[in-house]
Amino acid sequence: MTDTATRPNQRPELAALDDATLSAALTRMHLIRKFEEAAEASYMRGLIHGTMHLSIGQEASAVGTTLPLEAHDYILSTHRGHGHCIARGAEPKLMFAEFFGKETGYCKGRGGSMHIADVEGGNLGANGIVGGGLPIAVGVGMSIKAQKNGRVCMVFFGDGASNEGAFHEALNMASIWKLPVVFVCENNKYGMSMDISRAMAVANVADRASAYAMPGHCIDGNDLAGVAAVANEAIARARSGGGPSLIECKTYRLRGHSKSDRNLYRTKEEIEDWRGQDPIRRLEAELQVHDRFGAAELMSLEEDAQREIDAAVEFARTCPDPDPKDLTRDVYAL
């Protein structure tokens, strides 16, 4: 991290991030955006079947929260988890192979869009159940505490999951036992088509943290530097034995809930207003204002990301399909 005193004209959150960190963060944001755009295009061409849940517009939330994590830490993701995977270091080519149902995918083509996991990389998996990762995070936190290995578990969930019983149970248990868990709510305003204002009696998900004696942070989820600063604080608290924290990232998905979503519950004006708060362009603009990066450098980062995604799609298209004789491999029954 850069000494903030050397960057007097910048807000502390941005000044605390050195150029190498910002370059890596912006690259991952581009990779997430372009991965999902390519996934959407592949779906339209019939290369991907089923459905998918895109997080276009939420890149700063995924990258900012995971930025302070260490290599040995864990994350648990959601059905809208492509961004979390890439933010944690997953290879887009292996993710696309998984999307395409190929043997070379992270889960050998068995998981698809909603169930990518990379245990070696610290990603314990996405979950198609709303709030399904929350109790798992408590179990991971108990394991970390028992082993005294200094790790942290970060679990993502949406605003809709905050009304599930698992949310309240998980926060309560994590607080009682002071577990090293960071709860991250990506509040994109809608649980499927339900506006959060119609589903909760309190204004913010983070307001619920006080009921479980933990810090609650309600932040601008489209501000990469601000997200990273709050995440750094919560991760440090968890790692030092201080217990869990709840971070609520206010953000927005520019696409529908899933590919079957016709977007009849929100206006074009609302979507365009949030499009103007694009986390990638906001970060680029701020970096240029403070002469941290030039326009050519920023363009180069985006072009490099596009080339990586193009190569990843081609890799996945040419990978082998699973052998039918392996249909029951990795299938377990009691």
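Analyst: This is a predicted model, and the mean pLDDT of the protein chain is 94, with 97% of its residues reaching 70 or more. Over residues 1-5, however, the pLDDT is below 50, although this stretch still has eleven contacts in the model beyond near neighbours in sequence. Where pLDDT is low, the predicted coordinates should not be read in detail.

User: What is the order of the strands in the open sheet, and how are they paired?

Analyst: The open sheet has five strands in the order E1-E2-E3-E7-E6, and the pairing is parallel. Strand E1 (74-76) and strand E6 (216-220) stand at the edges with a single partner strand each, so one side of each has no neighbour in the sheet. From one strand to the next, the twist averages 20 degrees.

User: How many bridges join strand E3 to strand E7?

Analyst: Six bridges join E3 (residues 181-187) to E7 (residues 245-250), and the two strands run parallel.

User: At what angle do H3 and H8 pack, and which residues make the contact?

Analyst: Helix H3 (residues 59-66) and helix H8 (residues 224-239) pack at an angle of about 35 degrees, their axes being 7 Å apart, and H3 passes H8 in a right-handed crossing. On the H3 side the contact is made by Ala60, Ser61, Val63, Gly64 and Thr65, and on the H8 side by Leu224, Val227, Ala228, Ala231 and Ile235. By class, this contact of H3 with H8 has seven nonpolar, three polar and no charged residues.

User: How do the axes of H2 and H11 cross?

Analyst: The axes of helix H2 (residues 19-44) and helix H11 (residues 295-318) come within 9 Å and cross at roughly 45 degrees, which makes H2 oblique to H11. The crossing of H2 past H11 is right-handed. Among the residues that make the contact are Leu26, His30 and Phe35 of H2, together with Leu301, Ala305 and Ile309 of H11. The residues of this contact of H2 with H11 divide into nine nonpolar, four polar and three charged.

Note on methods
Residues are numbered from 1 along each chain as its sequence is written. This is a predicted model: local features need pLDDT of at least 70, side-chain atom pairs count only at pLDDT 80 or more; totals for chains, interfaces and linings use all residues. Side-chain values use heavy atoms; hydrogens and water are left out. Axes are lines fitted to C-alpha atoms, for helices over the stretch in contact, and angles run from 0 to 180 degrees between N-to-C directions. Helices (H or I, at least four residues) and strands (E, at least two) are DSSP runs, numbered from the N terminus. Angles under 35 degrees count as roughly parallel, over 145 as roughly antiparallel, 65 to 115 as roughly perpendicular and the rest as oblique. A crossing is left-handed if the near helix is turned anticlockwise from the far one by less than a right angle, and right-handed if clockwise. Contact means heavy atoms within 4.5 Å. Ala, Val, Leu, Ile, Met, Phe, Trp, Tyr, Cys and Pro count as nonpolar, Asp, Glu, Lys and Arg as charged, and the others, Gly among them, as polar. pLDDT is the predictor's confidence in each residue, from 0 to 100. Two strands pair if DSSP finds at least two bridges between them.
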